[in-house]
Amino acid sequence: MTDIPATAGPADLHRAFATTAIQTDLDGPVLRIRLGATPEDNTFTVALLDDLLAVLHALHDRPDVRVLLLTGAGADFNLGAERTEFQTALAHDPTGTALRRMNDKALRVCEALENTHAITIARLHGRVIGAGLALASHCDLRAGADDCRFRMPEVALGLPPAWGGAMGRLIAEAGVSHIRELMLTGENFDAATAQRLGLLHKVAPRDGLDAAVDSWIRPLLRRAPEALVLTKRMLNGYARAARTAEVGLLDAHLLSAHLGLAQNGQSAPPPAPVRS
């Protein structure tokens, strides 16, 4: 991991993370993160999780970074977890230990995103699938282009929805009834539906999405930093209080156990990855 010094500028960030799976751009108090080193990198890999953890950890020493903007590098925000890595991990370690470490890492990323002092904004476009939606749900504010298409495909793929401990967060944001329907059916839904459910706060045309996000950033930077941090932590505290049983820590065990059974032929293996 490479720390971001307090005097770092865009060039420093580029050097620090030049070989990573994400792209970073520091513009004064605003840090922009694009998921994927290239537009073709549109799934969550272990490398991407490592890089997100490094950046989020480094923010502990950067109180001057007040807004974190998260977006995708390609035509889609993110198409979900790279399931071939799950299968490879199990092939090399049938005990599931390596797979649990991978999924515990996803939980740490989501918790770090939720708990960072910076106000986090998800800028969503194109397809937002599975783990992509899980990660976005941990952001404080979410804006989406009107071309966004969302899906929670895990059950349809024969997998439990266990990535990053996100089920509790999604339920807190959109309500158990809506999340139950979307997880069990795996139905696609559009940006207007996501806004109605509370998964998006704003919807804008694709060419107006940056302006919609900027309309949040400008007033946020005028607010007193301590008031913002305290309010964010109070809101998160009340939201967690509504999650009377936090079972996210079990997600890695549930997923590794399920895939381990499939690998041993005790249940049907997951179907081929579905990206839309």
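This is a predicted model: local features need pLDDT of at least 70, side-chain atom pairs count only at pLDDT 80 or more; totals for chains, interfaces and linings use all residues.
Residues are numbered from 1 along each chain as its sequence is written, and side-chain values use heavy atoms, with hydrogens and water left out.

Now the overall layout. The chain has 11 helices and 9 strands; these are DSSP runs numbered from the N terminus, with helices being H or I of at least four residues and strands E of at least two. Among contacts with a separation of 6 or more, 72% come from residues 24 or more positions apart, a contact being heavy atoms within 4.5 Å.

On to the sheet. Six strands form an open sheet in the order β1-β2-β3-β4-β6-β9, with mixed pairing; two strands pair if DSSP finds at least two bridges between them. At the edges stand β1 (22-27) and β9 (202-204), each with a single partner strand, so one side of each has no neighbour in the sheet. On average, neighbouring strands are turned by 20 degrees against each other, direction ignored. Inside the sheet, β4 (residues 119-124) and β6 (residues 141-145) run parallel, joined by 4 bridges, and Arg 123 sits opposite Ala 143 in β6.

What packs on this sheet? Helix α9 (residues 209-222) does, touching β2 (30-35), β3 (67-72), β4, β6 and β9. The direction of α9 makes about 175 degrees with that of β4; axes here are lines fitted to C-alpha atoms, for helices over the stretch in contact, and angles run from 0 to 180 degrees between N-to-C directions.

Next, please find Val 229, in helix α10 (residues 225-242). Val 229 is buried, at a relative accessible area of 14%.

Last stop, helix α7 (residues 176-185), where Ile 179, Leu 182 and Met 183 are buried. Looking down the axis of α7, these buried residues fall within an arc of 95 degrees, so they line one face of the helix; the arc is taken from the directions from the helix axis to the C-beta atoms. They pack against α6 (166-174), β8 (189-190) and α8 (191-197). Just after α7, Gly 186 takes a positive phi of about 65 degrees. Thanks, everyone!

How values were computed. Buried means under 20% relative accessible area, exposed over 50%, partly exposed in between (1.4 Å probe, protein chains only).
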